[in-house]
Amino acid sequence: MSATWLIVNARWLVLYRRKQLLEIDEAGYVSMAVNDYQNAVRGGLSGWVTAIEWPGIQAPLTPALTSLQFFVTGPNVLAAFAVPLLAGLAVVLLTYAIAHRLAGPKLAWPALVLIATAPGLIVESRAYHFGAPAAAVTLAALYFLIRSQNLAKLGASLTFGVFLGLMPLTRTMTIAFIPALVLAGFVQAVVGEDRRRRLIHFAGALALAAGVAGLWLVPNGALVYRYLVGFGYGPQAAEYGTDSGVFNPVAWVARLRMLILEQYLPHVVVLCVGLALAIYVAIRRARANGFREFTRSAVRSPLFPLAVLVAEGLAAFASSRTNGNGFSLPLIPPMVLVALWGLYSAHVRLRRVLPYVVAIVGVVAVVPLVDLRLPTARPLLVDIPGLGLSKVADGRGVAQVYSGLGLDSMEPEPISPEDSLAWIASVDWASQMIIDNHALQGMTAFGFRDRLFNVNTVELAMLQKKGFGVAVTQIKPTEAGSTLADYQRWLTVYQDSLSGEASKACLLFTATGTQNEFLPVVDPPAMAQAAATTGFSSIAERTLPNGRIVTLWHRDQPTCRVGTP
């Protein structure tokens with residue numbers, strides 16, 4: 001089954017991602033990989049390490065692994081998708097392995113089917129995001145914690161520590177899950193016989209985790225902290241809504257909507273019912289066996305770390321407003337395992353029908369995802385009171401969803417291959433304009449936030465063309481503001497922004513309209529007026545495939561004069 005999963009998804013990538021456009025996050029992450037590779041080519045091992053540890057806020061592991069792969073495949077964008085695809089396969093195999101340790105084949109096979117057909121895992125395994133790698137590393141940490149048998153085995157305990165340290169290097173937001181794994185490991189080490197030896201193993205695991213994570217977090221920790229706090233709880237979090245809080249019912253409803261958006265309704269129903277039944281079974285057993293005996297038995301169980309991670313992880317999500325691609329994915333495998341345990345343990349009749357329920361849910365989810373040109377690939381939505389339109393099935397990937405936003409169409413392929421090439425040509429034009437206007441060592445600003453034509457897609461084009469990147473920055477309305485005066489200040493006054501500074505920019509791209517723009521949108525006439533009143537002159541225009549007209553503005557700066565490389 002795992003081989004079939006790999007072949008089906010690899011085929012989909014070749015058919016629908018080859019020579020296709022990348023959305024903003026994918027372009028940014030692939031740019032990191034190409035930059036790591038180019039620095040390794042020019043500077044060897046030291047150049048590679050320097051590129052990886054260069055100050056930044058994005059976790060380095062996935063691009064670093066991809067850059068090594070590029071020595072075999074070359075810096076090919078399609079080849080880059082091998083890393084998240086193999087990470088998705090690792091999630092499938094690790095879920096099966098953990099389920100087998102929990103209850104043998106009777107739970108392992110339903111778990112394999114449910115996770116292999118999980119829409120969120122499939123979609124993220126077909127996108128160059130950090131979701132699938134983060135889920136794989138988190139699940140590997142869980143697997144080795146469980147395999148350590150309550151920290152009794154030294155080798156498994158230390159391997160748990162290695163993967164625990166790799167979690168923030170795979171995706172920085174997984175820092176939110178580390179307390180759950182540390183708590184679960186500590187409690188399991190304390191409860192039971194030979195406590196001293198277990199605690200020594202636990203301390204060794206923590207020391208190893210700190211050493212691994214510190215390789216990148218020590219030089220970048222301040223930036224990462226500022227980034228995570230700002231986008232999770234600070235002003236930038238306003239882009240994702242205003243509802244948060246563990247004790248806020250509205251926040252939980254918002255998270256449920258997000259879970260349905262990523263995993264689709266059938267899988268979410270199974271997860272929610274299963275988790276509710278798991279809580280019921282736990283309460284029933286506690287009442288039957290006594291709370292103390294139940295607690296002692298539960299802590300020693302391999303289910304304990306999974307349950308702690310699910311509880312703490314969901315609480316962390318409810319407390320934050322941010323909604324990145326695949327943020328919930330590291331929680332899905334443990335949620336699947338705890339939910340199936342609840343369904344299996346609740347009643348013998350549920351145990352008998354469980355394989356059939358899982359099979360039906362799996363078929364409903366996976367058939368639309370096999371091929372975009374199947375009639376089943378169109379999104380299937382239902383309107384649920386209190387939740388609104390909810391996905392039942394959808395055959396589209398990340399690129400198709402992003403490129404279809406703002407279009408009055410539900411076609412699985414919202415833009416044609418020809419239009420995709422036109423987008424790529426537009427991005428290539430922008431990179432050439434930077435070269436032609438001597439801005440390779442200057443700052444280029446983007447006064448709009450299109451999902452397909454932006455700082456990341458242009459940066460990737462530049463890396464592919466020149467072998468090195470350029471300084472680019474893109475306005476963030478939640479930081480800079482949304483009035484003419486705010487735009488003028490953004491273009492003239494130092495902002496201390498994580499996304500770069502526009503005050504010294506010699507080139508500026510603006511655009512008409514707001515189609516396919518991130519929310520909150522930029523006011524196009526006000527931005528153009530701000531450019532005209534802060535020393536910029538219009539020097540070129542180009543119409544994007546979606547009809548937006550991009551204007552390139554130039555302002556005299558020492559770094560962008562003729563003769564500057």
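Residues are numbered from 1 along each chain as its sequence is written. In this predicted model, local features need pLDDT of at least 70, side-chain atom pairs count only at pLDDT 80 or more, totals for chains, interfaces and linings use all residues, and side-chain values use heavy atoms, with hydrogens and water left out.

**Exercise 1.** Find how α13 and α17 are oriented to each other, and which residues make the contact.

Solution. Step 1: locate the helices, which are DSSP runs of H or I of at least four residues, while strands are runs of E of at least two, numbered from the N terminus. Helix α13 covers residues 265–289 and helix α17 residues 348–366.

Step 1: take the angle. Axes are lines fitted to C-alpha atoms, for helices over the stretch in contact, and angles run from 0 to 180 degrees between N-to-C directions. For this pair the angle is about 155°, and the axes are 9 Å apart.

Step 2: classify. Angles under 35 degrees count as roughly parallel, over 145 as roughly antiparallel, 65 to 115 as roughly perpendicular and the rest as oblique. Therefore α13 is roughly antiparallel to α17.

Step 3: list the contact (heavy atoms within 4.5 Å). Pro266, His267, Val270 and Leu277 of α13 meet Leu350, Val357, Val361, Val364 and Ala365 of α17.

Step 4: sort by class. Ala, Val, Leu, Ile, Met, Phe, Trp, Tyr, Cys and Pro count as nonpolar, Asp, Glu, Lys and Arg as charged, and the others, Gly among them, as polar. The contact of α13 with α17 has 8 nonpolar, 1 polar and no charged residues.

**Exercise 2.** Work out how α16 lies relative to α17, and the classes of the residues in their contact.

Solution. Step 1: the axes of helix α16 (residues 332–346) and α17 come within 7 Å and cross at roughly 140°. Step 2: α16 and α17 are therefore oblique to each other. Step 3: on the α16 side the contact has Leu340, Leu343, Tyr344, Ser345 and Ala346, and on the α17 side Leu350, Arg351, Leu354 and Val358. Step 4: these divide into 7 nonpolar, 1 polar and 1 charged residues.

**Exercise 3.** Locate a cis peptide bond and a positive phi in the backbone.

Solution. Step 1: most residues other than glycine have a negative phi, and most peptide bonds are trans. Step 2: the bond from leucine 519 to proline 520 is cis, with omega near -10°. Proline 520 is in the loop between β5 (505–511) and α23 (524–532). Step 3: leucine 151 has a positive phi, near 65°. Leucine 151 sits in the loop between α8 (131–147) and α9 (154–170).
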